[in-house]
Amino acid sequence: MAGSDKITPAGEKLLKNLNKMKKLQVRVGVQGGKKYKKKSRDGKEDGADLVDIAIWNELGTGRIPARPFLGQTVDQHGAEIQKAAAQLVQKICKGQLDAQSALNNLDVLMVGYVQNQISDGDFVPNAPSTIRFKGSERPLINTKQLRGSISYVICKKGEYD
């Protein structure tokens, strides 16, 4: 900048918001510490952490086929999420939003996409024994606890990596 050039207050606000966004990331999924509240097949209280249940379903296990609700969400809505993020950055540039509000808006959008994927995604149906136990061939939504546990956290880049 030349000696007479000055950054306006609006320019300083913009730089501050963009620098803040540069240091943050959004994490959407199941946050740790929430327990599944339902009796298991043997009648005991099932105390599995919902993070574990999400991982077992996303990746599959020896007994559970993969039902990648997070991966499918990114595959199906990645372009829409990128477009929404670009629009939010434009709003920051115009002074219509601050970084925190923009990230909150993006997070709410992404949580909705994941929750809808859990409800409506194309997954391997439940096994006959599971259908008898749950009364439905639709995976992932027996008690709706997994769907309801989808949330977001805004954190520093690299945190939780």
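Me: Is Leu 59 buried or exposed?

Reply: Buried means under 20% relative accessible area, exposed over 50%, and partly exposed in between, with a 1.4 Å probe and protein chains only. Leu 59 counts as exposed because its relative accessibility is 64%. This is a predicted model, in which local features need pLDDT of at least 70, side-chain atom pairs count only at pLDDT 80 or more, and totals for chains, interfaces and linings use all residues. Residues are numbered from 1 along each chain as its sequence is written, and side-chain values use heavy atoms, leaving out hydrogens and water.

Me: In which helix is Leu 59 found?

Reply: Helices are DSSP runs (H or I, at least four residues), as are strands (E, at least two), numbered from the N terminus. Leu 59 belongs to helix H2, residues 50-59.

Me: Is Gln 117 buried or exposed?

Reply: Gln 117 is buried, because its relative accessible area is 5%. This residue lies in helix H4, residues 99-120. Other buried residues of H4 include Leu 103, Met 110 and Ile 118.

Me: Which residues does Gln 117 touch?

Reply: A contact means heavy atoms within 4.5 Å. Leaving aside residues up to four places away in sequence, Gln 117 touches Phe 69, Gln 72, Thr 73, Gln 76, Asp 122, Phe 123 and Arg 138.

Me: Against which elements do the buried residues of H4 pack?

Reply: They pack against helices H1 (9-22), H3 (69-93) and H6 (145-148), and against strands E1 (24-30) and E4 (150-156).
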